[in-house]
Amino acid sequence: VLQLRETVLQQKETIMNQKETIRELTAKLGRCESQSVLEALPGEPKGGGAGRKGGFSKNTMGDLSRAPAAETLSQLGQTLQSLKTRLARSCARPLQQFSRMNSSSQTNNLKDILQNKIDDLEKQVLSRVNSLEEGKFNPKNESEERGKIESTLTSLHQRISDLEKGQKDNRPPDRFQLTFPLRTNYMYAKVKKSLPEMYAFSVCMWIKSNASPGMGTPFSYAVPGQANELVLIEWGNNPMEILINDKVAKLPFVINDGKWHHICVTWTTRDGVWEAYQDGTQTGSGENLAPYHPIKPQGVLVLGQEQDTLGGGFDATQAFVGELAHFNVWDRKLSPGEVYALATCSTKALAGNVIAWAEANIDIYGGATKWTFEACRQLN
């Protein structure tokens with residue numbers, strides 16, 4: 001009984017922290033509303049986000065009957081914090097754009113909808129703690145309650161995405177980045193098309209992270225019968241590695257400093273020759289990496305998670321934490337000049353002929369977010 005009481009007290013403390021987060025969200029919405037009302041006043045001037053299969057237990061969000069209640073509440077707290085970050089970043093510019101394009105009453109209505117969703121979520125979480133304290137929960141009604149909370153979170157994600165939409169209405173389809181703010185087993189993006197059979201490839205991207213230990217898995221490609229057909233991973237205290245058909249090469253990248261870096265890896269099946277480029281300069285090369293093994297087609301390409309099974313089996317310890325943009329794939333080796341053009345944001349830079357970076361080509365899951373891509377703007 002004493003142990004149960006201690007657990008309930010800890011859960012109450014967690015909920016109090018979540019309530020504080022919700023209050024901060026409410027205050028942020030209030031500031032956004034005030035700002036948009038000021039901008040709408042007449043006469044006022046307007047201003048101009050692997051390969052190693054360790055023995056870690058999976059922490060699947062939907063598998064509630066096997067997850068301790070305290071752990072579930074902790075996950076809810078992380079999700080609320082992620083929503084807080086998204087809302088804070090989306091308020092600054094998109095809500096101003098929204099208020100300029102729509103009437104003040106429409107902006108207030110959107111704020112009220114978000115507020116209602118947050119209030120509903122707070123009530124459900126507090127109700128859950130009260131039920132836990134009274135010993136009323138069993139696995140069945142706990143799953144039902146979790147389903148309701150997840151439904152509310154999904155709705156809240158969608159509403160915040162509506163705010164974020166104002167940022168991307170007038171930008172090119174490739175001018176965006178993906179943000180993975182938390183190390184989870186449910187945030188990821190999936191490329192809508194598979195890779196073809198390839199006897200050579202070049203994979204390039206912009207990447208930014210300071211996660212420790214290891215930034216995780218920027219991308220993984222799995223095919224039936226082989227989860228590690230093509231994987232880029234920095235796991236634990238190991239250096240970043242490229243895996244092809246479970247064969248490994250260590251890459252000489254030094255990029256875990258919280259700054260944007262452009263990286264490319266090229267490979268050919270002939271003798272398994274590979275090259276690695278960082279910020280437009282070749283930093284390493286090697287051979288005998290899965291020689292004479294073509295990359296197989298009909299697989300699943302995921303950004304942000306390492307696949308243990310085809311399209312799933314994610315492990316939070318191997319998840320990518322950071323930001324990623326301009327993920328492109330070619331079915332040939334790029335020349336050093338072509339890589340340099342990509343790293344310097346040249347107008348001569350080519351888009352991938354197999355996978356080109358475009359919003360229409362990817363689906364986003366679990367709260368991974370989109371923001372306007374900034375790295376090239378900083379370079380120029």
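Author: The structure is a predicted model, in which local features need pLDDT of at least 70 and side-chain atom pairs count only at pLDDT 80 or more, while totals for chains, interfaces and linings use all residues. Residues are numbered from 1 along each chain as its sequence is written, and side-chain values use heavy atoms, without hydrogens and water.

Reader: What makes a set of points a pocket, and what makes a residue part of its lining?

Author: On a 1 Å grid over the protein atoms alone, a pocket is an open set of points where a 1.4 Å probe fits, with protein on both sides within 12 Å along at least five of seven lines; a lining residue has an atom within 4 Å of a point. Here 19 residues line the second largest pocket, and Asp174, His326, Ser346, Ala349 and Cys376 are the closest to its centre. Two or more lining residues come from each of E3 and strand E12 (322-330), and E12 gives the most, with three.

Reader: How do the residues of this lining divide into nonpolar, polar and charged?

Author: There are 11 nonpolar, six polar and two charged residues in the lining of the second largest pocket. Ala, Val, Leu, Ile, Met, Phe, Trp, Tyr, Cys and Pro count as nonpolar, Asp, Glu, Lys and Arg as charged, and the others, Gly among them, as polar.

Reader: Why is His326 called buried?

Author: Buried means under 20% relative accessible area, exposed over 50%, and partly exposed in between, with a 1.4 Å probe and protein chains only. His326 has 17% relative accessibility, so His326 counts as buried. His326 is found in strand E12, a strand being a DSSP run of at least two residues and a helix one of at least four, numbered from the N terminus.

Reader: What is the phi of His326?

Author: His326 is not a glycine, yet its phi is positive, at about 50°. Most residues other than glycine have a negative phi.

Reader: Is Tyr292 buried or exposed, and how do you know?

Author: Tyr292 has a relative accessible area of 55%, over the 50% limit, and is therefore exposed. Tyr292 lies in the loop between strand E10 (281-286) and strand E11 (300-303), and its phi is also positive, at about 60°.

Reader: Why is Ile242 called buried, and what does Ile242 touch?

Author: At 2% relative accessibility, Ile242 falls under 20% and so counts as buried. Ile242 sits in strand E6 (residues 241-244). Contact means heavy atoms within 4.5 Å; beyond four places away in sequence, the residues touched by Ile242 include Phe219, Leu230, Leu251 and Leu289.

Reader: What makes a set of residues a nonpolar core?

Author: The members are buried Ala, Val, Leu, Ile, Met, Phe, Trp, Tyr and Cys residues joined through side-chain atoms within 4.5 Å. The largest such core has 46 residues, and Ile242 is one of those with the most contacts inside it. Strand E3 (residues 200-208) gives the most to this core, with four residues.

Reader: Which two residues does a cis peptide bond join?

Author: The bond joins Ser212 and Pro213, with omega at about 0°. Pro213 is in the loop between E3 and strand E4 (216-223).
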